[in-house]
Amino acid sequence: MSLLGWRQWAVDREGRLRPAWTPWTPFPPGMLLWRPDGITQAHCLRTARPDPGAPSGPPTASHDRVPGEHCLCGLYAWRTPEILAAAKLPRWSSLPCVVGVVRLGGRVIIGARGYRAERGYPVALLDRDDVVASEYTVARYRTFRSLVAEWTPSATEPEADGPTTG
């Protein structure tokens, strides 16, 4: 099962989509990139404390699955375009921001205002100034109204009402 969510992205100098609300400088270059060529996989940035007697190795996530039920990890998206429209733009970056629709799948935790997912990919963008790289094969819109009109589920479609895992 997959869900549609609504989100903001910051657009880097190469036209790639990055999280709008997470500064990326302390992380490896590709870790927080929304992939233009496929599905983006969420990573947990929390690590378990190593056992003092255990051999050294790469840090491990503090839980088995991403997103963790009691963690903040996952790919974020709002449930509705109205919630997205009410959100403020991030102030940490001077890079351009775009909004759009993302398809989420895998393990999805459903909250009151949005989702946290294991994986996802953008399907539609409001890209008025053509700042997003052409390698993203997504529907592109010039007005928020047209984006919403095409990507808002009809009233007859069922809406998920609890945590979904998959």
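## A briefing on the predicted chain

Residues are numbered from 1 along each chain as its sequence is written. Local features need pLDDT of at least 70 in this predicted model and side-chain atom pairs count only at pLDDT 80 or more, while totals for chains, interfaces and linings use all residues; side-chain values use heavy atoms, with hydrogens and water left out.

**Overall layout**

- The protein chain has two helices and seven strands, where helices (H or I, at least four residues) and strands (E, at least two) are DSSP runs numbered from the N terminus.
- Along the sequence these elements follow the pattern β-β-β-β-α-β-β-β-α.
- Of the 166 residues of the protein chain, 45% count as buried; buried means under 20% relative accessible area, exposed over 50%, and partly exposed in between (1.4 Å probe, protein chains only).
- The accessible surface of the protein chain comes to about 10100 Å², of which 54% belongs to carbon and sulfur atoms; such areas come from the Shrake-Rupley method with a 1.4 Å probe, and for residues only the protein chains shown count as cover.
- Among contacts in the protein chain with a separation of 6 or more, 63% are between residues 24 or more positions apart, a contact being heavy atoms within 4.5 Å.

**Y115 and A77**

- Y115 counts as buried, at 6% relative accessibility.
- Leaving aside neighbours within four places in sequence, Y115 is in contact with L3, L4, G5, L75, Y76, A77, W78, R79, L104, V108, I109 and I110.
- Not counting residues up to four places away in sequence, A77 touches G5, W6, R7, V102, L104, G114 and Y115.
- A77 and G5 are 72 residues apart along the chain, yet their C-alpha atoms are separated by 5.0 Å.

**Nonpolar cores**

- In soluble globular proteins, nonpolar side chains tend to be buried together.
- A nonpolar core is a set of buried Ala, Val, Leu, Ile, Met, Phe, Trp, Tyr and Cys residues joined through side-chain atoms within 4.5 Å.
- The largest nonpolar core has 25 residues, and those with the most contacts inside it are W9, L17, V98, L125, V132 and Y136.
- Two or more residues of this core come from each of β1 (3–11), β4 (75–78), β5 (97–110) and β6 (114–126), with the largest share, five residues, coming from β5.
- L17 touches W9, A10, V11, L32, L33, W34, V98, P122, L125, V132 and Y136, again not counting residues up to four places away in sequence.
- Apart from this core lies another, of 13 residues, among them W6, L84, V101 and A124.

**The largest pocket**

- The largest pocket has a volume of about 690 Å³.
- Of the 30 residues that line the largest pocket, the closest to its centre are T22, L72, G74, L75 and Y76.
- The elements that give two or more residues to this lining are β1, β3 (40–41), β4 and β6, and β4 gives the most, with four residues.
- On a 1 Å grid over the protein atoms alone, a pocket is an open set of points where a 1.4 Å probe fits, with protein on both sides within 12 Å along at least five of seven lines, and lining residues have an atom within 4 Å of a point.
- Grid points are joined across faces, edges and corners, and a volume is the space filled by probe spheres set on the points.

**Two buried arginines**

- R79 is found in the loop between β4 and α1 (81–86) and is buried, with a relative accessible area of 19%.
- A polar atom of the R79 side chain lies 2.8 Å from the backbone oxygen of G111.
- R107 lies in strand β5 and counts as buried at 12% relative accessibility.
- The side chain of R107 makes a polar contact with the side chain of E69 (3.2 Å); a polar contact is a pair of N or O atoms within 3.5 Å, and within protein one must be able to donate a hydrogen and the other to accept it, while residues adjacent in sequence count only if both atoms are side-chain atoms.

**Backbone details in loops**

- The peptide bond from V66 to P67 is cis, with omega near 0 degrees, and P67 lies in the loop between β3 and β4.
- D130 has a positive phi of about 50 degrees although it is not a glycine.
- D130 lies in the loop between β6 and β7 (139–141) and is exposed, with a relative accessible area of 52%.
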